[in-house]
Amino acid sequence: MSSKDWIEKDYYAALGVDKSASSDEIKKSYRKLARESHPDHNPGDAGAEERFKTVSEAYAVLGDEKKRREYDEMRSLFGSGAFRRGARGAGQPGGAPFDVSDLFGGGAGGGGDARFGGGGFTDLFSTIFSGGGAGGGGRPRGPARGRDVEAEVALDFSDAVRGVTLPLSLRAPGVCDTCHGNGAKPGTTPVACPVCHGAGVTTRNQGSFSFSEPCRNCQGVGTIVEEKCPECHGTGGVTKTRTLNVRFPAGVADGQRIRLAGRGEPGERGGPAGDLFVHVKVRPDELFGRTGDDLTLNVPITYAEAVLGTDLRVPTLDGTVTLRVPPGTPAGRVLRARGKGVVRNDGRAGDLLVTLDVVVPAKVSDEARAALETFAAQTPPAAREHLDARVRRFS
Ligand SMILES: [Zn+2]
Ligand SMILES: [Zn+2]
């Protein structure tokens with residue numbers, strides 16, 4: 001097993017465990033995966049055989065405390081960070097080519113650690129910098145999908161019910177058009193950093209190891225901008241605003257998330273764009289409520305209207321409708337105006353649900369009181385016998 005293998009292969013991922021997993025967790029995960037992919041259980045399945053090999057190889061290292069420590073150490077040294085600059089250097093205008101011998105000259109190579117001896121280095125660097133590697137220590141250089149973008153939009157109640165198209169402004173980081181991202185004033189170019197000579201990393205020796213870290217003088221970029229771009233002040237990046245027309249379908253609801261495929265951040269190196277997710281908030285209406293595709297409305301009526309019946313003219317979202325309140329309608333009765341709720345694009349429609357609130361006047365005129373007393377004398381008592389029986393138990 002070479003050092004190149006160790007840097008290239010993520011044994012933790014192979015076993016489906018976290019870097020901080022306990023040895024028991026590693027063992028458990030290994031047993032499960034090995035059982036599932038064992039060639040005896042998957043005769044003739046080349047994929048399973050390959051998985052079994054991978055899992056076994058990973059466990060041979062992670063299952064052994066000493067080997068696991070060495071593996072962790074090696075990957076933390078060479079797996080990330082220090083090589084950032086090298087991996088993207090080629091694409092940067094004005095960036096000096098990354099020189100491996102600069103980085104390790106006289107360093108660990110002669111340090112005598114067996115793991116890094118012999119031809120190990122050549123293997124290692126060709127893996128990291130060839131760019132075509134299978135995704136080991138180096139950063140991927142192939143097409144990368146753009147990031148997803150989240151946005152929030154507040155809609156008026158009636159717009160949400162009927163559907164609406166709204167322009168949506170999105171602010172996102174982008175490359176400065178004035179300097180094309182290199183941060184230098186037009187007509188000037190960035191120069192190689194005098195501290196790291198363009199490498200973007202500096203080397204520090206400690207014992208038999210040599211550590212590389214991003215150059216502090218140039219923040220790992222490898223170049224210095226002497227005259228800054230006036231547009232981006234030397235950062236190479238600006239905040240860009242783009243406007244999209246977003247169609248919200250009829251009946252969109254509060255809390256709903258609308259996905260606009262391919263409207264997120266653009267991809268890199270020809271990769272597909274990310275998606276845009278729009279979170280919808282719906283402002284409440286002062287009259288109507290909403291339950292799914294039904295609209296709701298509370299309508300006060302008098303006791304006399306409930307007893308005698310009446311025709312009620314009530315508003316809908318875009319007109320009026322007349323509802324029949326039959327004589328003897330109890331308080332709280334819900335009347336339904338069919339098809340006066342949310343109308344979906346496919347023609348399905350919710351209803352308007354009208355709840356009748358019987359209101360009790362706080363004050364009445366003398367005439368009304370006299371009439372009511374006459375009425376009361378003509379009215380049988382309310383049906384409370386079932387409660388009276390229970391009340392008597394306590395008296
Ligand atoms: Zn530098
Ligand atoms: Zn600029």
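Modeller: Let us begin with cysteine 215, which is buried, with a relative accessible area of 1%. Buried means under 20% relative accessible area, exposed over 50% and partly exposed in between, with a 1.4 Å probe and protein chains only. This is a predicted model, in which local features need pLDDT of at least 70, side-chain atom pairs count only at pLDDT 80 or more, and totals for chains, interfaces and linings use all residues. Residues are numbered from 1 along each chain as its sequence is written, chains are lettered from A and ligands numbered from 1 in the order in which they are written, and side-chain values use heavy atoms, with hydrogens and water left out.

Biologist: Which residues coordinate the zinc ion (ligand 1)?

Modeller: Donors are N, O and S atoms within 2.8 Å of the metal (3.2 Å for Na, K and Ca); water is not among the atoms, so sites may look incomplete. Here the SG atoms of Cys193, Cys196, Cys215 and Cys218 coordinate the zinc ion (ligand 1) at 2.2 to 2.3 Å. Their spacing in sequence is C-x2-C-x18-C-x2-C. Cysteine 196 lies in the loop between strand 3 (191-192) and strand 4 (201-206), and cysteine 215 in the loop between strand 5 (209-214) and strand 6 (223-224), so the pair ties together parts that are 19 residues apart in sequence. Strands are DSSP runs of E, at least two residues, and helices runs of H or I, at least four, numbered from the N terminus.

Biologist: What is the geometry of the site of the zinc ion (ligand 1)?

Modeller: Ideal angles at a metal are 109.5 degrees for four tetrahedral donors. Four donors count as tetrahedral if all angles lie between 85 and 135 degrees. The angles at the zinc ion (ligand 1) are 102 to 118 degrees among its four donor atoms, and the site is tetrahedral.

Biologist: Which residues are the protein donors of the zinc ion (ligand 2)?

Modeller: They are Cys176, Cys179, Cys229 and Cys232, each through SG, lying 2.2 to 2.4 Å from the ion. This site is tetrahedral, with angles of 103 to 115 degrees, and its donor residues are spaced C-x2-C-x49-C-x2-C. Cysteine 176 and cysteine 179 are both buried, and cysteine 229 counts as buried at 1% relative accessibility.

Biologist: How many disulfides are there?

Modeller: A disulfide is a pair of cysteine sulfur atoms within 2.5 Å. By this rule the count is zero.

Biologist: Which residues of helix 3 are buried?

Modeller: The buried residues of helix 3 are Ile26, Ser29, Tyr30, Ala34 and Ser37. On the other side of helix 3, Asp24, Lys28, Arg31 and Arg35 are exposed.

Methods
Tetrahedral: all angles 85-135°; square planar, octahedral: opposite > 155°, others 65-115°.
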